[in-house]
Structures are given as structure tokens and as C-alpha cells.
Amino acid sequence: MSRFLYTKKNIIEFTPVLSGVKICVILRISSRSTSCKYRCLYNTACYRHGKVGNMRTDILIVGTGCSGLYAALHLPQDKSVTLITKSDVESSDSYLAQGGMCVLKDESDYEAYFEDTMKAGHYENDEKSVEIMIRSSQDVVKDLISYGVDFQKEEDGSLAYTKEGAHSQKRILFHKDITGQEITSHLYEEAKKRSNITILEYTCLMDLVCENNVCRAAEVVYSDGTTERIYADYIMLATGGIGGRFRHSTNYRHLTGDAIALAEKYGIKCKNLDYIQIHPTTLYSDNTGERSFLISESVRGEGALLYNKNMERFVDELLPRDLLTKAIYEQMEKDGTDYVWEDLRPIPPQELEEHFPNIVAHCLNMGYDVEKECIPVVPAQHYFMGGIEVDHESRTSMDRLYAIGETACNGVHGKNRLASNSLLESLVFAKRAALDIGKKIETRAKLP
Ligand SMILES: Cc1cc2nc3c(=O)[nH]c(=O)nc-3n(C[C@H](O)[C@H](O)[C@H](O)COP(=O)(O)OP(=O)(O)OC[C@H]3O[C@@H](n4cnc5c(N)ncnc54)[C@H](O)[C@@H]3O)c2cc1C
């Protein structure tokens with residue numbers, strides 16, 4: 001399996017999980033945060049000794065990334081919705097997405113988009129999920145635009161599309177190189193307008209309360225160490241990825257797969273836990289305590305090249321992520337280096353500054369002028385294709401419990417995610433979960 005290919009250079013903490021029998025051995029709840037302050041405040045001792053209170057909400061959503069926020073916006077507005085996040089709202093991977101979000105441009109691209117997604121996923125994808133995602137994409141884009149999301153436009157005012165590795169067509173919507181921030185900040189703004197939505201920051205899910213395979217409540221710890229049991233009719237787990245478990249990862253350090261650990265604890269079905277995507281190109285740094293900075297795939301889509309230590313090309317830069325990662329690791333092994341070189345100079349300077357201002361600025365900050373020199377890049381853990389197993393409405397195997405976003409596995413990505421499919425997948429299946437809950441509430445209300 002691909003997982004063993006990468007252990008040498010990257011996977012440190014996760015290796016025992018991948019090669020072990022049960023994921024619960026390592027995936028304990030961890031509330032590690034980016035700052036020391038919150039690391040201390042969220043320790044387990046506080047949780048154990050803090051005061052326990054009770055609270056009630058109609059629907060509880062754990063996680064305020066794009067999936068949690070978008071789900072909240074599609075739940076019935078006469079129901080109370082509470083979202084909690086372990087950190088502040090802006091500290092989610094959704095804010096970090098650079099490249100963009102795929103969309104079905106028009107019917108003529110359906111077959112090609114479907115095939116690209118399946119091919120990247122090694123044909124292990126759930127075909128129905130892929131179809132749902134692609135067919136729902138225009139609807140999601142309409143919603144986002146209605147919230148004020150500003151995707152890049154052509155001169156004639158039509159939407160502009162870019163391309164990334166393993167895409168046969170340009171079909172990715174973007175906003176500079178901060179698409180995730182543009183989308184998620186508008187979802188957040190919209191959520192703030194809704195009187196039925198409450199967001200609790202620095203509030204960490206520690207446990208679930210489950211009876212006879214029905215999820216009743218969640219136990220959370222606040223930043224002052226006090227705890228509360230939050231009862232809800234429905235709970236949605238939207239806790240994102242698992243990158244905080246790895247030495248090199250593009251994810252926020254506090255994303256540590258907490259919901260997966262709870263799924264394991266309560267026998268909630270999980271799937272493909274060893275399908276972990278490594279991003280081929282992150283800026284190399286000696287400091288392994290920091291999140292790895294991603295050099296987006298779109299940069300290669302727009303012409304950036306990869307070189308070995310002799311400044312020679314060694315690979316097709318537009319290979320799917322897993323194959324490109326493999327080729328880079330092999331080259332590093334051959335060269336005896338900790339990185340390869342990426343050359344952004346084939347991209348015209350104006351295009352670089354307009355399309356990738358964040359990458360240009362970050363590299364400059366780290367001492368690299370991408371218009372004049374190559375940058376060292378290395379693969380890092382990036383995305384989790386597996387997760388809590390869900391159906392097409394994002395229902396888990398436990399009653400009243402849903403999982404959405406990167407925490408969930410509906411099989412869309414198969415063994416390997418096609419670039420820029422995850423924001424879309426998160427949004428599409430978050431909305432389906434919310435609408436499913438809405439229907440259930442309506443049905444229950446009609447009962448005598
Ligand atoms: C650097 C980078 C670039 C990317 N670029 C792209 C791209 O261009 N296109 C694309 O489609 N995808 C991209 N992705 C992937 C995409 O951003 C994510 O898959 C997606 O945003 C996940 O959204 P989410 O809502 O599932 O989780 P997240 O946005 O990660 O949110 C998780 C939330 O859960 C909370 N949480 C976690 N554990 C707990 C707990 N125990 N208690 C309470 N709260 C908890 C966190 O605080 C956070 O609020 C990128 C990812 C990274 C890291």
C-alpha cells in the first residue's frame with residue numbers, strides 16, 4: 001500500500017497506527033493547539049477536574065471549517081444550532097485552501113471530470129458519491145456567490161477557470177491563491193447574521209454520550225477548564241483532517257483526528273483509514289514544529305518545473321499527487337537530499353503576482369525571491385481520504401450522528417483525492433446532511 005512508501009521521510013507519529021491493528025491505540029483525543037496558552041488550557045487534567053454543566057441545543061456541529069459553517073446555513077432557521085471549535089474560527093484548514101474549488105463548467109465536461117476524479121482515486125471511488133458531487137457543484141457555486149464570494153472573472157465578466165495536476169480540463173474556480181479564505185470567511189459572515197446560530201470558540205469536543213447506538217450529547221471542555229455536556233437532537237462531526245499527527249503536514253497542528261478516535265471508541269464505522277494523501281510540494285524548512293507551507297498545485301498547472309540537485313527535470317510535473325510524490329521521494333533518495341527544486345520562473349511575473357501573491361510573499365519572507373531563484377520543496381502529509389464512514393446523506397452508522405468534510409468518508413476520493421475536489425465535496429455533503437436533518441425534523445413534527 002502507498003502508506004509504507006512515505007514513512008521514511010514524513011510519517012513519524014502515525015506510523016504505528018498505519019502498521020498497527022487498531023487505530024484507537026494512537027488516536028486518543030488530543031486538543032493540542034497552535035499556541036502554548038491553549039495547549040495548557042486544554043489538557044486532560046483540566047477536563048477531568050473541571051466543573052460539569054449541562055446545555056441543550058437542537059443541533060450541535062463540531063468544527064467551524066467550511067463544512068461545519070455551510071451545514072449550519074442549511075439547517076432549519078427556527079432550530080438552535082451551536083457550532084464549537086477547538087481554536088478560533090479562522091484557524092481551520094478551510095482558510096488555508098489555496099488552489100481553488102472544482103465545478104462542472106458545463107455538460108460537455110461531465111464525462112472528463114468524472115473520469116479525472118475516478119482515475120486519481122485509482123477507481124476505488126464510490127461512483128454515486130462522485131456523481132452527486134459533480135452534479136451538485138453548480139448549485140454550491142450559486143450559493144457561494146449569493147453570500148458574496150468573489151471568484152476570479154475573465155474580462156467579459158464570466159467565471160475564470162484554472163487547472164491543477166491530473167485535471168484534463170480547466171475547471172477550477174479560484175480567488176487569487178486564497179480561495180479557501182474567500183469562501184470560508186463569507187460562510188462565517190453569513191453565519192454571524194443568523195440569530196439561530198451560536199459559535200463557541202476554544203471549545204473542544206472530548207467525548208460523546210451514546211446509548212444503544214444513538215448519539216445523545218457531546219462533552220466539551222472550555223478554555224478555562226470547565227466542562228459541559230451539550231445535549232442535541234442531532235450532532236454533526238466536522239473536525240477536519242489528521243495532519244496534527246504528522247511531523248510534516250500542511251494542516252493546522254490542532255487537527256488531530258479527534259472524531260475518528262471517538263468513532264473508534266463507540267464502534268462507529270470508519271473506512272480507508274490508511275488512505276492518506278501526501279502533497280508533493282511544500283516549502284522545505286528545517287523547523288519541523290511548524291505547519292508546512294504549501295506550494296499549490298496550480299503553480300505547476302501554470303508552468304512551474306521541478307529539478308533534481310543538478311537542476312535537471314526528472315518528472316512530469318502534472319502527474320497525480322501520489323505518483324508525483326513517489327517520484328520526488330525516489331529522486332531525493334537518489335540525490336541524497338532532503339528536497340528537490342521548484343522553478344516558478346516559467347510563469348510570467350505578472351501572472352505570478354496576480355494569481356499567487358500569497359506564495360510569492362511567503363517565499364520572500366523565507367528568503368526566496370521566486371521571480372529570480374528556485375525554491376526547495378518536499379512532500380508533506382496533506383489530506384485524509386478515509387474517515388468516518390457515511391452514506392450519501394452523510395449519516396454515520398450511529399443514529400442521530402452525522403460526519404461531514406474531511407473527517408467523513410463517503411468514498412468520493414477513492415484512494416487518492418483529485419486536486420481541488422475537497423472544498424467542493426465538503427460543501428456538497430455538508431448541505432445534504434443539513435437537508436436530511438431538516439427533513440427528519442419536519443417528519444417528526446408531523447407525527448401525532
Ligand atoms: C494548505 C492547504 C491547502 C489546501 N488547498 C485546497 C484547495 O485548493 N482546494 C481544495 O478543494 N482543498 C484544499 N485543501 C483541503 C481543504 O482545505 C480541506 O479538506 C477542507 O477545508 C476541510 O474542511 P473541513 O470543514 O472538513 O475541516 P477544517 O476546515 O479543517 O475544520 C476543522 C474544524 O474542526 C475543529 N476541530 C477539530 N477537532 C476538534 C475538537 N476536538 N473539538 C472542537 N473542534 C474541533 C477545528 O478547530 C476546525 O474548526 C487544502 C488543505 C490545506 C491544509
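This is a tutorial dialogue on reading several features of a predicted model.

Me: Before looking at details, what does the secondary structure of the protein chain come to, and what share of its residues counts as buried?

Reply: The protein chain of this predicted model comes to 14 helices and 16 strands, and 51% of its 448 residues count as buried. Among the contacts with a separation of 6 or more, 73% are accounted for by residues 24 or more positions apart.

Me: How should I read a helix that has some buried residues, and which residues of helix α6 are buried?

Reply: The general idea is that an α-helix has 3.6 residues a turn, so residues three or four places apart point the same way. In helix α6, which spans residues 110–120, the buried residues are Tyr 113, Asp 116, Thr 117 and Ala 120. Seen down the axis of α6, these buried residues fall within an arc of 95 degrees, so they line one face of the helix. The cover over the buried residues of α6 includes α7 (127–146), and after α6 comes His 122, whose phi is positive, near 55 degrees.

Me: Turning to strands, how many residues of strand β13 are buried, and which strands are joined to β13 by bridges?

Reply: A general point first: in a regular strand the side chains alternate between the two faces of the sheet. Strand β13 (residues 375–384) is mostly covered, since 9 of its 10 residues are buried. Strand β10 (residues 276–283) runs antiparallel to β13 and is joined to it by 6 bridges, with Ile 276 standing opposite Phe 384 of β13. Strand β12 (residues 340–343) also pairs with β13 in the antiparallel sense, over 3 bridges, and there Trp 341 has Pro 376 of β13 as its bridge partner.

Me: What is the order of the strands in the open sheet of 3 strands, and which are the edge strands?

Reply: The order is β9-β14-β16, and the pairing is mixed. The edge strands, each of which pairs on one side only, are β9 (270–271) and β16 (408–409). Strand β14 (residues 387–389) runs parallel to β16 and is joined to it by 2 bridges, and the bridge partner of Glu 389 in β16 is Cys 409. Helix α9 (residues 258–265) packs on this sheet, where it touches β9 and β14, and its direction makes about 45 degrees with that of β14.

Me: Finally, which of the residues around the ligand come nearest, and how is the shell divided by class?

Reply: There are 43 residues around the ligand, of which Gly 63, Gly 65, Gly 99, Gly 240 and Gly 405 come nearest. The elements that give two or more residues to this shell are α5 (66–73), α8 (179–193), β6 (203–211) and α14 (422–446). By class, the shell has 13 nonpolar, 26 polar and 4 charged residues, with Gly counted among the polar ones.

Technical notes
Residues are numbered from 1 along each chain as its sequence is written. This is a predicted model: local features need pLDDT of at least 70, side-chain atom pairs count only at pLDDT 80 or more; totals for chains, interfaces and linings use all residues. Helices (H or I, at least four residues) and strands (E, at least two) are DSSP runs, numbered from the N terminus. A residue is buried if 20 or more other C-beta atoms lie within 10 Å of its own, exposed if 12 or fewer, and partly exposed in between; C-beta atoms are placed from the backbone. Two residues are in contact if their C-beta atoms, placed from the backbone, lie within 7 Å. A residue is near a molecule or strand if its C-beta atom, placed from the backbone, lies within 6 Å of it. Two strands pair if DSSP finds at least two bridges between them. Axes are lines fitted to C-alpha atoms, for helices over the stretch in contact, and angles run from 0 to 180 degrees between N-to-C directions. The arc is that of the directions from the helix axis to the C-beta atoms.
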